[in-house]
Amino acid sequence: MAENGEEKLLAVARHIAKTLGQNDTMADDILQIFSNFDGRFSREKLSEKMVDDNNPRGCAALERAVNSLDRQISQYVALDHPIWAHTADSSAFLDAIDDLIRTMRDWEPMAAEKSVSACLVRADDLMHQAMFRVGDEFRSLMDRGAESFELNRSNHESTGNLSFDSDDDNEENEDGLLHNGADLDHQIPVAQPVTDYDIVIDALPSGTVSDLHEIAKRMVAAGFVKECSHVYSTCRREFLEESISRLGLQKLSIDEVQKMPWQELEDEIERWIKAANVALRILFPSERRLCDRVFFGFSSAADLSFMEVCRGSTIQLLNFADAVAIGSRSPERLFKVLDVFETLRDLMPEFDSVFSDQYCLVLRNEAVTIWKRLGEAIRGIFMELENLIRRDPAKAAVPGGGLHPITRYVMNYLRAACRSRQTLEQVFDESNAVVPSNKLDDRRASSSSMSVQMAWIMELLESNLEMKSKIYRLSALCSVFMMNNGRYIVQKVKDSELESLLGDDWIRKHNAKVRQYCTNYQRSSWNKIIGTLKLDNSSLASNAIAKSMKEKIKSFNTQFEDVCKTQSSWIVFDEQLREEMRISVSRL
């Protein structure tokens with residue numbers, strides 16, 4: 001080894017003299033300086049082997065080294081069993097790779113010499129053989145490590161003990177490892193649905209992780225970063241995809257999601273919410289941790305590998321949310337779209353934390369874009385609700401002036417929507433164009449965007465009801481219709497978050513409207529009838545007064561019977577309102 005080292009040293013000195021010397025005289029002068037500096041650089045030793053590029057003796061030391069390493073590495077490359085099955089074999093193989101890496105690095109400065117270049121070409125070919133085999137060993141280690149870890153979990157499960165010891169923390173994980181039974185075809189451990197997200201999955205034994213790290217170090221040092229990352233990400237990507245599949249989420253294209261019947265899509269959204277939470281809170285952080293351990297000291301390789309592992313599963317999750325966002329704006333979809341929006345919003349800190357490196361930036365940005373698109377979808381659904389109210393035709397009158405279906409639908413819809421008030425306020429406040437400026441007045445100028453939106457929908461509903469009330473031929477029945485629907489609206493407002501959104505002034509104003517409709521009803525129905533009983537006795541004799549009163553009572557009875565007959569089918573649904581009307585009429 002000492003002889004080989006001296007040969008290398010002399011070869012480097014000769015290379016420097018030959019490179020810097022513009023002619024033979026200058027080269028001799030440089031050799032003289034070397035010989036004066038160190039006795040090992042004697043003029044004779046340096047001069048006797050100053051050869052031209054065609055002299056193969058110039059790389060004799062390199063050739064001997066490459067031949068020796070070829071014998072060592074080739075015997076391991078040719079093995080028909082896993083090298084890492086025996087610690088001695090794996091250590092010797094790694095040492096040989098280390099020697100090959102150092103040899104190529106030491107002789108690289110002299111690669112311009114043909115004899116050195118030819119040896120380096122051999123060495124490079126040998127390196128490719130070694131990297132190909134070590135890549136297979138890397139993959140085999142990951143597969144065998146996953147299998148042995150799965151069997152370990154299964155043995156614990158069979159005894160009713162689901163806890164495992166962590167080699168890193170020496171703490172027992174009471175929740176156990178989230179692995180399903182080994183798949184007979186692929187042997188991939190997969191995650192089961194959970195509710196406790198404070199869990200980290202150690203998907204590979206600590207010893208296996210250590211072996212993988214040692215291999216990764218050599219592959220990175222040899223310039224095979226992408227190849228190492230590809231092998232790693234291929235194995236781990238299978239784990240993630242199988243895990244998400246076991247959670248029940250189908251792998252669907254955007255077009256397939258949009259064509260799915262709504263009832264099926266509702267069920268799929270529930271599965272998506274579960275899968276997204278498990279992926280972002282458990283699976284992805286666990287993969288990040290494993291990746292950092294395997295590629296410890298090589299942050300760029302770790303980031304690239306992690307992105308390749310998670311990209312497919314992340315895109316699958318985001319594409320589903322995007323399909324929901326760009327789908328139908330039908331009002332009944334609001335609540336499920338809200339669920340998807342809230343899930344993605346709540347997972348944004350996980351996106352920022354897990355996908356924080358440069359390679360994952362595009363995934364993080366895509367998540368933000370789709371989240372905002374879901375907000376646009378929610379605003380679009382409310383616009384469609386407005387259109388639904390506007391387009392609802394005034395065809396047939398509701399019998400008896402009762403509650404119109406559009407009133408019941410809109411009020412129950414808004415009450416249910418306001419249960420997600422915090423989310424809706426966030427959605428509406430993110431857009432200054434939620435409602436046109438003509439929807440605002442001075443009293444609402446300081447209100448929140450959601451308050452303005454709710455007030456505007458209420459105005460549209462009232463306008464639609466006023467249009468429908470004109471179908472009734474009798475003004476009294478028109479008043480009953482508006483009174484019934486107005487009372488129902490106020491009750492639903494007071495019984496929900498709408499009360500605080502619309503405010504006390506709005507409620508007082510609309511209570512006053514209901515009272516006015518009640519007054520209008522009385523005037524149309526009873527004032528004229530009661531008026532027939534009034535006598536003008538200023539100029540009538542007593543017998544004339546009696547005759548007139550008799551006629552008026554007869555007229556009153558006739559009109560009263562007509563009103564009762566006409567209004568017997570009319571409806572006042574609210575018991576308190578009916579009582580108030582009776583009292584009011586009795587006081588006439």
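Tutor: A salt bridge is a side-chain nitrogen of Lys or Arg within 4 Å of a carboxyl oxygen of Asp or Glu. The model considered here is predicted: local features need pLDDT of at least 70, and side-chain atom pairs count only at pLDDT 80 or more, whereas totals for chains, interfaces and linings use all residues. Residues are numbered from 1 along each chain as its sequence is written, and side-chain values use heavy atoms, with hydrogens and water left out.

Student: How many salt bridges does a search of the whole structure find?

Tutor: The search finds 32 salt bridges. Some are linked: D98, E214, K217 and R218 belong to a network of salt bridges.

Student: Where do D136 and R139 lie, and how far apart are their closest N and O atoms?

Tutor: Helices are DSSP runs of H or I with at least four residues, numbered from the N terminus. D136 and R139 both lie in helix α6 (residues 114–158), 3 residues apart, about one turn of the helix. In their salt bridge the closest N and O atoms are 3.3 Å apart.

Student: Is K336 buried or exposed?

Tutor: Buried means under 20% relative accessible area, exposed means over 50%, and partly exposed lies in between, with a 1.4 Å probe and protein chains only. K336 is buried, with a relative accessible area of 15%. The closest N and O atoms of K336 and D339 are 3.9 Å apart. Both residues lie in helix α12 (residues 334–346); being 3 residues apart, they are separated by about one helical turn.

Student: Which residue forms a salt bridge with E425?

Tutor: The partner is R421, with the closest N and O atoms 2.9 Å apart. E425 and R421 lie 4 residues apart in helix α16 (residues 421–429), about one turn of the helix. E425 is partly exposed, with a relative accessible area of 22%, and R421 counts as partly exposed at 22%.

Student: What is the angle at which the axes of α17 and α18 cross?

Tutor: Axes are lines fitted to C-alpha atoms, for helices over the stretch in contact, and angles run from 0 to 180 degrees between N-to-C directions. Angles under 35 degrees count as roughly parallel, over 145 as roughly antiparallel, 65 to 115 as roughly perpendicular and the rest as oblique. The axes of helix α17 (residues 449–469) and helix α18 (residues 475–494) come within 9 Å and cross at roughly 160°. The two helices are therefore roughly antiparallel to each other.

Student: Which residues of α17 and α18 meet?

Tutor: Contact means heavy atoms within 4.5 Å. On the α17 side are M458, L461, L465, E466, K468 and S469; they meet C478, F481, M482, N485, I489 and V493 of α18. By class, this contact of α17 with α18 has 8 nonpolar residues (Ala, Val, Leu, Ile, Met, Phe, Trp, Tyr, Cys and Pro), 2 charged ones (Asp, Glu, Lys and Arg) and 2 polar ones (the others, Gly among them).

Student: What does S479 touch, not counting residues up to four places away in sequence?

Tutor: S479, in helix α18, touches Y517, N520 and Y521. S479 is buried, with a relative accessible area of 7%.

Student: Where is the place of E332?

Tutor: E332 is in the loop between α11 (299–325) and α12, and counts as partly exposed at 44% relative accessibility. Leaving aside neighbours within four places in sequence, E332 is in contact with W262 and Y413. The C-alpha atoms of E332 and Y413 are separated by 8.7 Å, although these residues are 81 apart along the chain.
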